[in-house]
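Let's take a friendly walk through this structure, one feature at a time. Have the sequence and the 3D view ready as you read.

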Amino acid sequence: MAKIGVFLSQHSNSNDTLDRLSEGSFDVVLVQNGVYCAAIKENGQSSPVLGRGMKVYAMSEDLVSRGIEPSQVASNVTVVNFDGLVDLIFNEFTKTIWL
């Protein structure tokens, strides 16, 4: 089955495009302001983006530039650097989209 890499660059509580994708068909890479989804809790709850049953990755450089420590990142988020991202793109994803 084709795996889509969804690059999420904005922090929001919901995303209509993610809602339309089939579970198991995609993983999410949090980049730019999207990394806030990995750490910010609202009303004690993690971002709904993290509770969709897919793998979630966050770019370490974007976390650092926004003052987010790896210890603040949700336990179900894998922090990757640029080299790790390149590996994901070439080895895990058959397509990528940017939201």
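## Salt bridges

A search of the whole structure, which is a predicted model, turns up 2 salt bridges. As a general point, side chains of opposite charge can pair when their charged atoms come close.

One of the salt bridges joins the side chains of K3 and D27, with 3.5 Å from N to O. K3 sits in the segment before β1 and D27 in strand β2, so this pair ties together parts that are 24 residues apart in sequence. The two partners can be described by their accessibility as well: K3 counts as partly exposed because its relative accessibility is 24%, while D27, at 4%, counts as buried.

The side chains of D62 and R66 form a salt bridge too, at 3.8 Å from N to O. You will find D62 in helix α3, which covers residues 60–65. With a relative accessibility of 17%, D62 counts as buried, whereas R66, at 25%, counts as partly exposed. What else does D62 touch, leaving out residues up to four places away in sequence? Its contacts are V31, Q32 and V35.

## The sheet

Now turn to the strands. In general, strands of a sheet pair through backbone hydrogen bonds, either parallel or antiparallel. Here, 5 strands make an open sheet in the order β4-β3-β2-β1-β5, and the pairing is parallel. At the edges are β4 (77–80) and β5 (95–98), each of which pairs on one side only. On average, neighbouring strands of this sheet are turned by 25° against each other, with direction ignored.

On the β2 side, 5 bridges join the two parallel strands. There, V6 stands opposite V28, and L8 has L30 as its bridge partner. On the β5 side, 4 bridges join β1 to its parallel neighbour, and G5 has T96 as its bridge partner. Is β1 enclosed or open? Of its 5 residues, 4 are buried, so β1 is largely enclosed by the rest of the structure.

## An aromatic pair

How many aromatic pairs are there? The count comes to 1. In general, a pair of aromatic rings is described by the distance of the centres and the angle of the planes. For F7 and W98, the centres are 5.4 Å apart and the planes are at 5° to each other, and the pair is stacked.

F7 belongs to strand β1 and W98 to strand β5, so the pair ties together parts that are 91 residues apart in sequence. F7 is buried, with a relative accessible area of 6%.

In soluble globular proteins, nonpolar side chains tend to be buried together. The largest nonpolar core in this model has 19 residues, and those that touch the most other members are L8, L18, V28, L30, V49, A58 and V77. Which elements give two or more residues to this core? They are β1 (4–8), β2 (26–30), α2 (36–39) and β3 (56–59). The largest share, 3 residues, comes from β2.

Leaving out residues up to four places away in sequence, A58 touches L30, V35, A38, L63, V77, T78, V79 and V80.

## A residue in helix α2

To finish, pick out A39 in helix α2. Is A39 buried or partly exposed? A39 counts as partly exposed because its relative accessibility is 21%, and the cut-off for buried is under 20%.

Setting aside residues up to four places away in sequence, A39 touches I68 and Q72.

Notes
Residues are numbered from 1 along each chain as its sequence is written. This is a predicted model: local features need pLDDT of at least 70, side-chain atom pairs count only at pLDDT 80 or more; totals for chains, interfaces and linings use all residues. Side-chain values use heavy atoms; hydrogens and water are left out. A nonpolar core is a set of buried Ala, Val, Leu, Ile, Met, Phe, Trp, Tyr and Cys residues joined through side-chain atoms within 4.5 Å. Buried means under 20% relative accessible area, exposed over 50%, partly exposed in between (1.4 Å probe, protein chains only). Contact means heavy atoms within 4.5 Å. Two strands pair if DSSP finds at least two bridges between them. Axes are lines fitted to C-alpha atoms, for helices over the stretch in contact, and angles run from 0 to 180 degrees between N-to-C directions. Rings of Phe, Tyr and Trp (its six-membered ring) pair if their centres lie within 6.5 Å; planes under 30 degrees apart count as stacked, over 60 as edge-to-face and the rest as tilted. A salt bridge is a side-chain nitrogen of Lys or Arg within 4 Å of a carboxyl oxygen of Asp or Glu.
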